[in-house]
Amino acid sequence: MLPQMRPLPSRPAIHAVHRRTSPAPPSIGGLGQHGRVALVRTTKAVVCRSVASPAANQGAPAVERPWKLSDARLVLEDGSVWNAKSFGASGTQVGEVVFNTSLTGYQEILTDPSYAGQFVLMTNPHIGNTGVNSGDEESIKCFLGGLIIRNLSICTSNWRCTETLDEYLRKRNIMGIYDVDTRAITRRLREDGSLIGVLSTDQSLKDEELLEMAKNWKIVGVDLISDVTCDAPYEWVDKTGSGWEFNDNQSSETFHVVVYDFGVKHNILRRLASYGCKITVVPASWPASDVLNLKPDGVLFSNGPGDPAAVPYAVKTVQEIVGKVPVFGICMGHQLIGQALGGKTFKMKFGHHGGNHPVRDNRTGRVDISAQVCQFFLEMVRKYITLIVRVFW
């Protein structure tokens with residue numbers, strides 16, 4: 001017997017209703033042709049409803065099925081509710097929903113401190129097939145609030161795999177949901193901009209309660225750097241593994257680089273070390289005078305999460321260092337340099353997240369594929385840029 005489907009309600013007033021169904025041929029029992037077991041196909045539909053019309057959300061009586069049922073919800077601040085299946089940790093978590101277009105590298109994304117305070121939706125539909133391993137970690141822990149995917153692989157196939165994605169997230173108390181229409185959510189984020197959402201496996205909470213949580217949570221103006229930076233200075237010595245090395249012309253000259261940790265990724269430090277740099281990593285609030293006393297050859301302001309305007313202490317530090325030693329910024333660090341030189345930042349409608357963004361050099365016409373995780377755009381006036389940026393690798 002086919003499972004009963006509840007009717008799809010209308011979406012919030014600002015959107016039209018989207019409904020997709022596939023043909024539902026009758027169930028086939030017993031053995032199929034030539035004695036093979038035949039598969040039973042069932043009707044599928046986009047599972048999205050609206051908090052605004054609870055009367056239409058009444059479900060059919062529970063029917064036992066030999067597969068996992070929806071046990072989680074994603075409630076967005078626009079009032080849409082997306083039923084899903086959970087993996088990883090359970091509970092209720094609030095965050096900003098952003099999408100990432102990378103085809104692989106989900107473990108690096110999970111451990112990227114720049115995603116603190118966010119739920120990452122992977123546009124690539126098949127996630128988890130390579131499992132996880134200790135070599136792909138970009139930090140000592142997972143910082144994002146949750147992972148949203150279309151299909152969770154039921155098996156792993158990679159010689160470096162040590163555990164499944166589900167096991168990995170459970171150990172680190174990170175929520176994940178799957179079997180949700182990630183394409184429809186991505187289109188909504190592209191139209192409306194990044195949205196605050198709530199992930200929950202708590203069936204005792206009403207949709208309206210989760211919606212209120214989403215509407216009351218903010219990410220702009222919040223200092224997220226203080227939660228991801230290191231506690232004390234340390235020396236970094238690990239290099240990129242020989243199997244991944246592509247630098248054939250290493251310089252014999254050694255540079256001492258001080259790295260401000262606003263959420264730095266390990267591979268940035270590995271690359272610097274592979275080029276012969278001596279690396280000292282300091283916390284985000286470390287005094288500029290103490291850094292200058294180390295007489296570094298240069299200072300790197302690292303990547304990191306959140307709003308650069310919410311960390312005036314970091315901007316002040318950059319101002320005290322700029323012009324005294326060569327500096328270089330990545331992501332958050334680049335934005336802090338811009339603010340220190342008189343520029344302004346504002347939040348983009350939706351951030352550029354992924355490892356496959358084409359960027360064209362208008363001078364030559366050449367197109368390169370770039371990796372980007374920026375959510376804030378720099379509006380810098382040319383007359384303010386007096387800094388000579390020195391690249392160390």
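Which residues does Phe262 touch, not counting residues up to four places away in sequence? The points below take this up along with the surrounding elements.

1. Basis. This is a predicted model in which local features need pLDDT of at least 70 and side-chain atom pairs count only at pLDDT 80 or more, while totals for chains, interfaces and linings use all residues. Residues are numbered from 1 along each chain as its sequence is written, and side-chain values use heavy atoms, with hydrogens and water left out.

2. Phe262. Its contacts (heavy atoms within 4.5 Å) are Ile225, Val228, Ala284, Phe301, Ser302, Asn303, Gly304, Pro305, Ala314, Met332 and Leu336, with residues up to four places away in sequence not counted.

3. Cores. A nonpolar core is a set of buried Ala, Val, Leu, Ile, Met, Phe, Trp, Tyr and Cys residues joined through side-chain atoms within 4.5 Å; buried means under 20% relative accessible area, exposed over 50%, partly exposed in between (1.4 Å probe, protein chains only). The largest core has 23 residues, and those touching the most other members are Tyr260, Phe262, Val299, Phe301, Ile321, Val327 and Leu336. At least two residues of this core come from each of strand 12, helix 6 (288-293), strand 14, helix 7 (312-321) and helix 8. A second, separate core of 20 residues includes Leu121, Ile177, Ile185 and Leu189.

4. Sheet. Helices (H or I, at least four residues) and strands (E, at least two) are DSSP runs, numbered from the N terminus; two strands pair if DSSP finds at least two bridges between them. Five strands form an open sheet in the order 11-13-12-14-15, with mixed pairing. Strand 11 (234-236) and strand 15 (327-329) each have a single partner strand, so one side of each edge strand lacks a neighbour in the sheet. Strand 14 (residues 298-301) pairs with strand 15 in the parallel sense over three bridges, and Leu300 stands opposite Phe328 of strand 15.

5. Helix packing. Axes are lines fitted to C-alpha atoms, for helices over the stretch in contact, and angles run from 0 to 180 degrees between N-to-C directions. The axes of helix 7 and helix 8 come within 9 Å and cross at roughly 70 degrees. The contact involves Ala314, Val315, Val318 and Gln319 of helix 7 and Leu336, Ile337, Gln339 and Ala340 of helix 8.

6. Ser200. This residue lies in strand 10 (residues 195-200) and is buried, at 1% relative accessible area. Its side chain is joined to that of Thr92 by a polar contact of 2.8 Å (a pair of N or O atoms within 3.5 Å; within protein, one must be able to donate a hydrogen and the other to accept it, and residues adjacent in sequence count only if both atoms are side-chain atoms).
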